[in-house]
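Here are my notes on this model, as numbered points. Please read them with the coordinates open.

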Amino acid sequence: MQLLIVDDEPIIRLGLVKMAEVYAPAFAGIRTAENGLDALDKIRALEPDIVLTDIRMPKMDGLALCQKIHDEYSHIQTAVISGYSDLEYAQKAISFGVKQYLLKPLEVTELHEVLNNLAQQSSSGYISVSRYMEWIDRMEQSIWSMKMSDLNAVMKQWREYCLSSNLSLSQVKELLEDCITMLVKRFQSKQPGKEKEFVYQSIHGESIMAALDRFDGVLRQMAEHLLISRKGNYRDPMDEAKAYIDSRLSQEISLDQVAAMIGLTPTYFSALFKKMTNETFVQYRINRRMEKAKELLSVPHIRIVDVASLVGYEDYPHFTKTFKKIVGISPSEYRSQQGIK
């Protein structure tokens with residue numbers, strides 16, 4: 001189980017950590033946060049099983065944090081530890097699903113008793129829906145773009161999460177079947193008329209590890225089938241994206257348009273494009289426009305104002321300013337260097 005301790009006082013945080021470290025059975029991980037906002041970031045990233053929080057903290061207090069947990073992460077068990085014997089706080093805390101309200105200073109035996117109670121009430125067999133959908137998106141995009149290293153990374157995280165979520169074998173199989181069904185529908189929608197190529201056997205196995213191994217194999221089958229359906233003429237999506245941009249330098253195409261053309265979500269495409277080209281979408285398009293402008297400026301009979309239009313700049317002063325920023329000299333100076341008057 002994972003524990004998150006939230007308190008704005010470093011000494012108290014350290015003391016609670018020390019007491020939690022000697023609790024048995026030991027926690028798989030103990031994290032700390034200094035206020036409610038910091039805690040929410042860690043909850044979104046780690047989704048701990050139990051949260052112990054102070055009440056009075058800057059930026060976001062403990063009650064606001066408990067309300068957020070109650071509304072968005074109802075499976076997380078919460079307890080409030082406060083130095084204020086305030087009935088109103090206690091009543092509000094209980095209305096937000098808080099199971100325990102304790103007063104500082106807290107003894108080790110008191111904390112361990114609280115942890116025992118919370119551990120017994122902790123939900124088992126839970127998978128975060130938001131995390132689940134995020135992983136399906138990443139699986140889809142990794143397979144569609146044939147980025148097997150990315151698929152390996154997400155599968156490793158998926159496996160670790162499933163194994164730590166206290167799911168039964170039947171629950172894991174059902175979850176994996178549902179994931180496959182969703183991925184199949186997505187790929188079918190991208191390649192209409194190829195439904196028969198996306199038919200897979202059900203997940204089987206005598207253990208959760210075996211079921212996850214089978215699931216891993218199915219995802220690799222999906223990638224193979226996609227490659228075959230493309231008749232082996234697979235082109236890297238980044239090459240496709242760059243070719244699409246290069247052929248439309250005079251047009252105002254958007255990142256969303258290019259992402260849709262290669263079958264990726266805008267967010268994933270933007271991150272992948274930056275990773276593969278070391279340039280953002282906007283930077284790449286500007287640099288390619290300036291390269292094209294240099295080619296056109298080398299043709300004597302093409303006016304500079306027409307060059308600007310041909311590379312997507314109807315605003316001539318903006319074109320000259322951008323050209324000088326990228327190339328270092330103005331378009332007319334560049335043309336003069338080419339021996340063209």
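1. Helix 10 and helix 12 (residues 266-277) pack at an angle of about 95°, and their axes are 11 Å apart. Axes here are lines fitted to C-alpha atoms, for helices over the stretch in contact, with angles from 0 to 180 degrees between N-to-C directions. The two helices are therefore roughly perpendicular to each other (65 to 115 degrees; under 35 is roughly parallel, over 145 roughly antiparallel, the rest oblique). Helix 10 contributes Met 238, Ala 241, Lys 242 and Ile 245 to the contact, and helix 12 contributes Phe 269, Leu 272, Phe 273, Met 276 and Thr 277. By class, the residues of this contact are 7 nonpolar, 1 polar and 1 charged. Nonpolar covers Ala, Val, Leu, Ile, Met, Phe, Trp, Tyr, Cys and Pro; charged covers Asp, Glu, Lys and Arg; the others, Gly among them, are polar.

2. Basis of the values. This is a predicted model, in which local features need pLDDT of at least 70 and side-chain atom pairs count only at pLDDT 80 or more, while totals for chains, interfaces and linings use all residues. Residues are numbered from 1 along each chain as its sequence is written, and side-chain values use heavy atoms, with hydrogens and water left out. Helices (H or I, at least four residues) and strands (E, at least two) are DSSP runs, numbered from the N terminus. Contact means heavy atoms within 4.5 Å.

3. Helix 10 (residues 237-246) also meets helix 13 (residues 281-297): the axes come within 10 Å and cross at roughly 50°. This pair is therefore oblique. On the helix 10 side the residues are Lys 242, Ile 245 and Asp 246; on the helix 13 side they are Phe 281, Tyr 284, Arg 285 and Arg 288.

4. Buried or exposed: which is Val 307? Val 307 sits in helix 14. Its relative accessibility is 0%, so Val 307 counts as buried (buried is under 20% relative accessible area, exposed over 50%, partly exposed in between, with a 1.4 Å probe and protein chains only). Not counting residues up to four places away in sequence, Val 307 touches Ala 293, Leu 296, Leu 297, Ile 302 and Phe 319. Pro 331 is 24 residues away along the chain, with 9.5 Å between the C-alpha atoms of Val 307 and Pro 331.

5. Val 299 is in the loop between helix 13 and helix 14 (304-310). Val 299 has a relative accessible area of 27% and is therefore partly exposed. Beyond four places in sequence, Val 299 touches Arg 335 and Ile 340. Val 299 and Gln 338 are 39 residues apart in sequence, and 9.6 Å apart C-alpha to C-alpha.

6. Thr 322 belongs to helix 15 (residues 316-327). At 11% relative accessibility, Thr 322 is buried. Leaving aside neighbours within four places in sequence, Thr 322 contacts Ile 286, Met 290 and Tyr 313.

7. Asn 35 occupies the loop between strand 2 (29-33) and helix 2 (36-46). Its relative accessibility is 4%, so Asn 35 counts as buried. The Asn 35 side chain reaches the backbone nitrogen of Leu 37 at 3.0 Å. Outside four places in sequence, Asn 35 is in contact with Val 6, Met 57, Pro 58, Lys 59 and Met 60.

Note on methods. A polar contact is a pair of N or O atoms within 3.5 Å; within protein, one must be able to donate a hydrogen and the other to accept it, and residues adjacent in sequence count only if both atoms are side-chain atoms.
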